[in-house]
Amino acid sequence: MPDVKQYFNVYSKYNLIMKKLLLSAVLAVSTLGSCSNESAAVNTVESMKSPQMENFDKAFKSLGDPQNRPTEEERKRSTSELSDRRKALLVPASKELILSTGVTEAELTRKTGGDMSQTIVWATQIYMQKSDEIRKNLKSEK
Amino acid sequence: MKKISLLLSALAGVLSFAQSSALFVENYSIYNAVGRLRTGMPGGAAGPYMFAAPNPPFGSYTVPAGNSTQYNTFDTSGTVALPIVKWYVGDATNPANNGTFAYNDPFITSVMNPSNEWGGFHFWLVDPSTNNTVDSYELGDPTIYPGFSPSLTGSVSSADWFIISTPTGAITYMLIF
């Protein structure tokens with residue numbers, strides 16, 4: 001007749017091994033999970049930009065489109081100031097970005113007087129501050 | 001206490017708004033922009049100028065493909081996305097100023113911040129996978145660096161350098177397409 005005690009010992013050992021396996025499996029999965037989270041967090045300055053920031057980006061990028069390059073006349077000017085024609089391409093996205101911070105249309109008009117340069121510079125300052133915040137948050141998450 | 005800190009932060013806000021031009025950099029191209037980012041005296045006057053030291057891991061100052069960064073002032077350039085931790089200063093009018101300075105060195109704050117403006121970027125566009133140069137540019141403000149141009153078109157790319165100015169301050173933009 002098999003020793004009951006021995007049987008019990010073998011069984012509990014088996015149980016222990018299974019527990020250990022299960023635990024390490026859980027550990028492995030959770031480690032993998034956190035790794036993939038981390039790699040997702042890297043390079044996400046882009047993905048963390050708000051839609052208004054993305055549109056602001058796109059507006060500046062559009063200055064490189066053939067029809068938006070400086071004309072002969074614009075090239076001949078003796079100033080580095082961006083031409084009004086090209087400034088106008090940046091205004092809608094700039095307004096959108098400023099309004100997304102909770103500023104009202106009325107405040108926007110009052111502060112900029114409808115001036116294109118003031119609108120774009122204000123929006124650029126918001127954009128720079130926001131991308132800096134995103135970068136710092138990502139750094140502290142690592 | 002609260003009032004004082006409020007006052008201080010309001011003051012800081014006013015002061016930071018009064019700062020001279022910030023530089024906004026976007027490289028939309030698929031190539032690395034490698035070269036010398038320069039500051040200089042307004043109008044090309046004689047005096048100190050400087051250019052950016054390499055940003056690690058690059059051997060020269062580089063704006064990698066698809067990257068962007070911003071510099072508010074010369075003496076805060078070491079804490080941004082593409083940091084400039086050192087400036088190489090040259091000064092024919094006072095050779096004692098020649099040398100390498102940490103971005104936050106008091107000399108940069110007291111001498112370079114008030115005297116210099118963003119001048120230009122003399123750079124090569126390099127294919128990051130083959131290391132081949134595809135275009136080269138002297139992009140910048142011709143009143144500071146004669147021979148530099150604010151708007152250029154290369155063989156596979158183009159680039160813009162411009163300012164947008166307001167009564168309370170200006171921002172300089174450098175865009176590579």
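Analyst: What follows is a look at helix 2 of chain A and what lies around it. The model is a predicted one.

Some background on the chain comes first. Chain A has 7 helices and 0 strands, so its elements, read from the N terminus, are α-α-α-α-α-α-α. Of the 142 residues in chain A, 17% are buried. Among contacts in chain A with a separation of 6 or more, 80% join residues 24 or more positions apart.

Helix 2 of chain A covers residues 51-61, and its buried residues are A:Gln52, A:Met53, A:Phe56 and A:Phe60. Viewed down the axis of the helix, these buried residues fall within an arc of 105°, so they line one face of helix 2. As a general point, an α-helix has 3.6 residues a turn, so residues three or four places apart point the same way. On the other side of helix 2 of chain A, A:Pro51 and A:Lys58 are exposed.

What covers the buried residues? The cover comes from both chains: it includes helix 5 (91-99) and helix 7 (116-141) of chain A, along with strand 1 (22-27) and strand 12 (169-176) of chain B.

Those two strands of chain B belong to an open sheet of 5 strands with mixed pairing, in the order 5-1-12-11-10. At the edges of the sheet stand strand 5 (68-71) and strand 10 (151-153) of chain B; each has a single partner strand, so one side of each is left without a neighbour in the sheet. On average, neighbouring strands of the sheet are turned by 10° against each other, direction ignored. Strand 1 and strand 12 of chain B pair in the parallel sense over 6 bridges. B:Phe24 stands opposite B:Tyr173, which is in strand 12 of chain B.

The contact between the chains takes 18 residues from chain A and 19 residues from chain B. On the side of chain A that touches chain B, helix 2 and helix 7 each supply at least two residues. Helix 7 of chain A gives the most to that side, with 7 residues. By kind, the residues on this side of chain A divide into 7 nonpolar, 5 polar and 6 charged.

How values were computed
Residues are numbered from 1 along each chain as its sequence is written. Chains are lettered from A and ligands numbered from 1 in the order in which they are written. This is a predicted model: local features need pLDDT of at least 70, side-chain atom pairs count only at pLDDT 80 or more; totals for chains, interfaces and linings use all residues. A residue is buried if 20 or more other C-beta atoms lie within 10 Å of its own, exposed if 12 or fewer, and partly exposed in between; C-beta atoms are placed from the backbone. Helices (H or I, at least four residues) and strands (E, at least two) are DSSP runs, numbered from the N terminus. The arc is that of the directions from the helix axis to the C-beta atoms. Two residues are in contact if their C-beta atoms, placed from the backbone, lie within 7 Å. Two strands pair if DSSP finds at least two bridges between them. Axes are lines fitted to C-alpha atoms, for helices over the stretch in contact, and angles run from 0 to 180 degrees between N-to-C directions. Ala, Val, Leu, Ile, Met, Phe, Trp, Tyr, Cys and Pro count as nonpolar, Asp, Glu, Lys and Arg as charged, and the others, Gly among them, as polar.
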